[in-house]
Amino acid sequence: MKNETFTLITGASMGIGKAFAFTCAKRGMNLLLVALPDALLEEVQRELQTLYPIKVMVYGTDLTAEGAVLKLADFCKEKQLGINMLINNAGMGAGGRFENIPLDKYLQIVNLNNKVLVLMCHYFLPVLIQHEHAYMLNMSSMEATLPLPYKAVYTGSKNFVYAFSLALREEQRHGPLTVSVVCPGPVMTNPDALKRMDAHGNRAKWVLCRPEEVAEYGLDGLLKGKNILIPGKVNWFLVKLMKLCPTGLKMRLLDYLYI
């Protein structure tokens, strides 16, 4: 497989990660799909290989396990996979009053959303910049710019992704690597998400996106070299509007919209 390029996608077995896999496959990209080792990952591989004339490799692992990211990097080196695009999609969240959620859950969120992301960037950036053109897309959230009450740790973790990505982009601007950060609003990824959206009523549907929309918008923006990608016109307008609001007023509005 030497001299062939691959797009590495984390959290690729469902939701936005799966949508990115299909979006990349439609453009003829070979794929290395990383997710927890279960039947869902292999099912995505079979679907893609049936539909598209590309190479699809899968690597099942828990990226939060000690040494897991380094083992993934070693696997790519051993297989001589030319990773020229990295989509750091894996993440998790939780909602509710801060004191009502177990500490272990918060630590899992920070571990996956932040520690794993930094490890992925650290190990794969040297691989990416070996190519004439290379791309890194980090999954943040609209909530990185709108600190939501009742999602304090998740919002904070995505704010880290947002700031880290923009800083890394600036460091790399004279090289071959383009770094972009995508900040979607609520995304319909599973039945639990549907229940949360229904609980918020019609106002939640204003900012709702499908995984396929996020993937198409994210990949297009990355390839065009854009820095911040906010899928959905309403979401984009809301972020811009909230920047003009005094902090106190903004927080009251967010409390009303998302409680």
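How many aromatic pairs does a search of the whole structure find? The search finds three, counting rings of Phe, Tyr and Trp (its six-membered ring) with centres within 6.5 Å. The model is predicted, so local features need pLDDT of at least 70 and side-chain atom pairs pLDDT 80 or more, whereas totals for chains, interfaces and linings use all residues. Residues are numbered from 1 along each chain as its sequence is written, and side-chain values use heavy atoms, without hydrogens and water.

**View A. The aromatic pair Phe98 and Tyr106.** The pair is stacked, with 5.0 Å centre to centre and 10 degrees between the planes (stacked: under 30 degrees; edge-to-face: over 60; tilted: the rest). Phe98 is exposed at 51% relative accessible area, while Tyr106 is buried at 8% (buried: under 20%; exposed: over 50%; partly exposed: in between; 1.4 Å probe, protein chains only).

**View B. The stacked rings of Phe160 and Phe164.** Their centres are 5.8 Å apart and their planes at 10 degrees. Both residues lie in helix H5 (residues 152–171), four residues apart, about one turn of the helix. Helices (H or I, at least four residues) and strands (E, at least two) are DSSP runs numbered from the N terminus. Phe160 is partly exposed at 35%, as is Phe164 at 21%.

**View C. The two sides of helix H3 (residues 68–78).** Ala68, Val69, Leu72, Ala73, Phe75 and Cys76 are the buried residues of H3. They lie on the same side because their arc around the axis is only 155 degrees, taken from the directions from the helix axis to the C-beta atoms. On the other side, Lys71, Lys77 and Glu78 are exposed. Just after H3, Gln80 has a positive phi of about 55 degrees.
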